[in-house]
Each structure stands twice: as C-alpha cells, then as structure tokens.
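Subject: Structure handover

Hello,

Here is the structure for you to look over. My notes on what turned up follow below.

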Amino acid sequence: MSNPTLAAEVGRRRTFAIISHPDAGKTTLTEKLLLYGGAIDMAGSVRARRNQRHATSDWMAMEQQRGISITSTVLQFVYRDCQINLLDTPGHQDFSEDTYRTLAAADNAAMLIDAAKGIEAQTRKLFDVCRMRGIPIFTFINKLDRPGREPLELLDEIEKVLGIDVYPVNWPIGMGDTFRGVFDRLEHTVHLFDRTTGGKKMAPVTVGAIGDARMRALMDEGTYAQMVEEIELLDGVGVPFDIERVAAGKLTPVFFGSAANNFGVQLFLDAFIRFASRPGTRPANTGVISPVAEDFSGFVFKIQANMDPQHRDRVAFIRVCSGKFEKDMTVHHTRSGKKVRLSRSLKLFGQERETVEEAYAGDIVGVINPGTFAIGDTICLGKPLAFEGIPLFPPEHFATLRNPNPSKYKQFLKGVTQLREEGAVQVLFHQDEAKRDPILAAVGQLQFDVVRFRLESEYHVETLLEPLPWTLARWITAKQPEDLEMIDWYFDSLGLKDHAGRLVILFKTPWGLQQMGERNPHLQFHQIAPV
Ligand code: G4P
C-alpha cells in the first residue's frame, strides 16, 4: 500500500524550467511568477538579488563584466497549495549545456516567446531537448503590449517549425498600445487588465462573461467585434484541448500576455498548476521508480562551485525522484558504492540559503558536496539503483588546453577533472597516452573562458588554449566490441576518448562525418553520449 502522506506531497508538486531565447523576458516572467506566488512583495527584487549575487562572487565577476547569466538557481514557492519548483536556467546560449541538464530534472517546460520575434534559434534547440524527454510544454507569448506579429501567424509558426499542435488557452484582446487583456477559452471569461506603474504590483483585473454589458463597455467597439470574430474562428479551426496530449508533449497550451505589465501571468500560473504533470516515474537500471516509492532516491543534475566564496564550497543539486528526503540522512552513492551522509542540505533562493528538513519527489535539494558527487550520480536508500545518466550533449567547439608549468601538473589535472565533473566543460583525451594535454569540448565558446578563468582563480594554474578546427563530435559504438578495432578512417577526422574511455571521433564538416559513416557501416554514430 502506498503511503498517503507521500502521495499527497507528490501530488502537490509542479516542477518546471523556462526555455527561451535571450531577451524574450525570462527574468521578467520569473520575477512575476514569484510576485504572484507570494514569494516576493514587489517586482524588482530578482534583479536586485541577481546583482547582489554578482557582488559576492568573484568568478561570477565574469558574468557581470559580460552582462550575462552563467549560473542557474532553483526557486521554490507555494501557489494555491501547490509546491512549485522553478528551475532557473542561464540565459546565454553558450551555457546551453547547463540548461539541457536542468531540463533533465524538470517535469514540465514553459516556452517563452517574444511576440515580435517568434521562434528563435535557442528556443528551438531547447525545445528539441524537451521533445526528446517528452515533457509537457506550456507556451507563453510575451510582450503583447508592444506591436508584434499576428497571434494566428505565431501559432502557425509554432506548429510548423516545432511540429507540435497548439491550443490557445487564452486569446489576446488588442495588441501593442491597444492590448487590453485576454479571453480565457476554457472558462469563457474576459479578463481586462489595468497597468500599474512599472509593473511592480499585481495588475488589477476585471473579469466577466463575454456578453456582459459591463465588460463590453470597457472595450471600444472595434476591439470587441474583432475579439468575438477571432474567438469564433478559433473554435471552428483548432484542435480540441486534450490533457493527455499535453502530458505527452504533443499539444502545447498557449497563453498570451505581457510579463512586464503582469498581464496574463496569473492565468498562466492557474492553468499551469491545473494541467502540468506531477512528478512521474523515472527509469533506472532496476526498473521504473515510482515517485511514491517508500525508499528515497534522487540524482545529481548540477554542481556549482564557490557559490559562496567565503566557504569555497561546492553545491550538488539533487532532484528527488522518490521517497522522502530528510536532513542528515545517510544514503548510498551508487557510483562509488559508498555511504554518504547528507549533513548540510539547502534550499537556495538566489544567494540566500535555508536548511531543508524534508523534501519529496519533484523537489530540488542543494547539498554541500564533499567531492564525491559528479553530474548524473544517483543516491538512494534501500536496494541500490542507478538512474539513467544525464547525457553529454554534442559539443561544437574544441581546443587543446596546455599547462605551461610542469610543476603545477597535479593542480592542473585536479582542476580540469573537477570542472568536468561539475559539467563546466567536456574533456577528451588522446588515445596515445604520451599526449597528455586534454582537449576541451564545449557546446558554447564562452565555456572555455570560464574554465580558464576558474583554473586560474580557484586552482592557481595559468593555462594556454589552442583552438582546434573540429566542429562535430560523435560517440561511436559497435554491436561487437572488436568492430571498434576495425575502423576505416577518413583522413580528416580525429579519434579520441572521453573521460569514461568511450570512443569519440571529431570531424570538421558534416561531409567528413558522412564519409566515415559510409566507410564504416558496422559502426553507430551517436550525437549524444550513450548512457
Ligand atoms: P531574459 O531574461 O529572457 O534575457 O529577458 P529579460 O527579462 O531580461 O527581458 C529582456 C527585455 O525585455 C527587458 O528590457 C525587459 O524589460 C523587456 N520585457 C520583458 N517582458 C516584457 C513585456 O512584457 N513587454 C515589454 N515591452 N518588454 C518586456 P531591457 O530594456 O533589456 O531591460 P530593462 O530596461 O527592463 O531593465
């Protein structure tokens, strides 16, 4: 029999991440979600916290210099009795690997789109990762207070470019200067908003039925007539709302609004808690693990070093998958086979830390990392198990990292290994052991700068970086292990191994990759590292 407390706690949880292209308004929306969730009183505090964090961390000084957000945090708040975990992801595309991993810990995604720009490059890449995981995607089309593209055209683009069906849950009334509110298609109500100064407080809203004379009087005639016409049109052409297709990631509920003005934020949140997936089962090597299984289990999806430079610590972020997490518990660390006591467990809100006493599936707990944890590690109680690891995503930039000072070799190696374990960069090695310089492989170029900066500031090793001309990497497997010994090499390729000893081949062009594939039909080429 399942434990009723556990089932109730899991049923209250909604865990998600926001995916978007930089500048679509992720920071603004996050802040407004917190405002409506009662976690902050006045919008503006998230930015303030962000600045505060900049000020207290030295390697993050890089963020400040470049005006980008490298790190991500977890924001937790209660909204209408639901425990919401919002996994914040870095905005800069060079840190998309971090975002990919964060998505592995999320049960839902909110896709944020700028109404004037539509689907942008980064949105598309991140959408593909969500699609791979089959998680529900909720779309928020932002900045309706500015002139943008026609709503129908935007929906059409989502369907065509991303290949997902859309269901507009609400429909904008006016746009740009005339943007007044939205029509809620599920409840058949009109929501008209009033602007507040700088969008700092919740937007006052008047709600009523579409035919209500009071609502009608609040809109000019043209706007009203257009709304009625568009809604009729939508009812006639669109696909029906189907929660199962939402859960399977095949249909995205779409919301229109303006995060800056708080328009549509509450409607989004209300629909989100109603329709978002609860923490579900997760595949492991011992079978499928239920979130309400008695034994605690979880996995590490992110490691962040030196969040507090005073302590020089590393925080491992654990996604709880089953059972109950309790402060001070001693768990089994599957990769090392050791017991680890989780003595310092934290909930993080920006730079603030609070001790976590207990947590359930869907929650994220930060534990001060004694150095044992690496990305993808499982920790559990009861029968040892390992969750499917977090895949390594295809790097597109490569460079040799040199340590010009032989007396610092040990430090250098330690730093490179730790930064790899944290997921700051991928590291590849020559098959010829005499060539000791590791090759860094990154999804975004800026990851190299972070690695060199951190090696210097945290490990006191200065390094040299030599960019390499490769642009593609593939992990290679074969049905018979001996087939890996019989490779017909294309001249313009390089065989390396990753930290786990798996064969990786680098190419300069898709043409080279194609050549290798044709010459070696007995090999499988994987874009994402097999786990
Ligand atoms: P990001 O995290 O996705 O990169 O985006 P962010 O929230 O920082 O927003 C990017 C810009 O878009 C900001 O303007 C922000 O104010 C603006 N923005 C966000 N939501 C809306 C909206 O609903 N309507 C309009 N008109 N603008 C919006 P900025 O000029 O870069 O910064 P700031 O002057 O607001 O500090």
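Of the 531 residues in the protein, buried residues make up 43%. Buried means that 20 or more other C-beta atoms lie within 10 Å of the residue's own, exposed means 12 or fewer, and partly exposed is in between, with C-beta atoms placed from the backbone. This is a predicted model: local features need pLDDT of at least 70, side-chain atom pairs count only at pLDDT 80 or more, and totals for chains, interfaces and linings use all residues. Residues are numbered from 1 along each chain as its sequence is written.

The protein has 14 helices and 31 strands. Both are DSSP runs numbered from the N terminus: helices are H or I with at least four residues, strands are E with at least two. Of the contacts with a separation of 6 or more, 71% are between residues 24 or more positions apart. A contact here means two C-beta atoms, placed from the backbone, within 7 Å.

Cores

The largest nonpolar core has 100 residues. A nonpolar core is a set of buried Ala, Val, Leu, Ile, Met, Phe, Trp, Tyr and Cys residues joined through C-beta atoms within 7 Å. Ala109, Cys130, Val300 and Ile318 touch the most other members of the largest core. Strand 15 (residues 314-322) supplies the largest share of this core, six residues. Another core, of 29 residues, lies apart from it; Phe412, Val450, Val461 and Trp470 are among its members. Back in the largest core, take Cys130. Residues up to four places away in sequence aside, Cys130 touches Ile19, Leu103, Ala109, Ile135, Ile137 and Gly249.

The ligand is surrounded by 17 residues, and the closest are Gly25, Lys26, Thr27, Thr28 and Ala260. By class, the shell has four nonpolar, eight polar and five charged residues. Ala, Val, Leu, Ile, Met, Phe, Trp, Tyr, Cys and Pro count as nonpolar, Asp, Glu, Lys and Arg as charged, and the others, Gly among them, as polar.

Which helix gives the most to this shell? Helix 2 (residues 26-36) does, with three residues. Among the buried ones are Lys26, Glu31 and Lys32.

Helix 2 packs on helix 11 (residues 265-275) at an angle of about 75 degrees, with the axes 10 Å apart. Axes are lines fitted to C-alpha atoms, for helices over the stretch in contact, and angles run from 0 to 180 degrees between N-to-C directions. That makes helix 2 roughly perpendicular to helix 11, a label for angles of 65 to 115 degrees; under 35 counts as roughly parallel, over 145 as roughly antiparallel and the rest as oblique. Helix 2 makes the contact through Lys32, Leu33 and Tyr36, and helix 11 through Val265, Gln266 and Leu269. Four of these residues are nonpolar, one is polar and one is charged.

Asp23 sits in the loop between strand 1 (13-19) and helix 2. Its phi is positive, near 85 degrees, and the residue is not a glycine. Asp23 is exposed, with 12 other C-beta atoms within 10 Å. After helix 2 comes Gly38, with a positive phi near 75 degrees.

Other points

Helix 5 (residues 96-105) has 10 of its 10 residues buried, so it is largely enclosed by the rest of the structure.

Arg80 is in the loop between strand 2 (74-79) and strand 3 (82-87). Its phi is positive, about 45 degrees, although Arg80 is not a glycine. With 12 C-beta neighbours inside 10 Å, Arg80 counts as exposed.

Asp363 lies in the loop between strand 21 (358-360) and strand 22 (364-368). Is Asp363 buried or exposed? Asp363 is buried, with 24 other C-beta atoms within 10 Å. Neighbours within four places in sequence aside, Asp363 is in contact with Arg13, Asn85 and Val320. Asp363 and Leu86 are 277 residues apart in sequence, yet 9.6 Å apart in space, C-alpha to C-alpha.

Best wishes

Note on methods
A residue is near a molecule or strand if its C-beta atom, placed from the backbone, lies within 6 Å of it.
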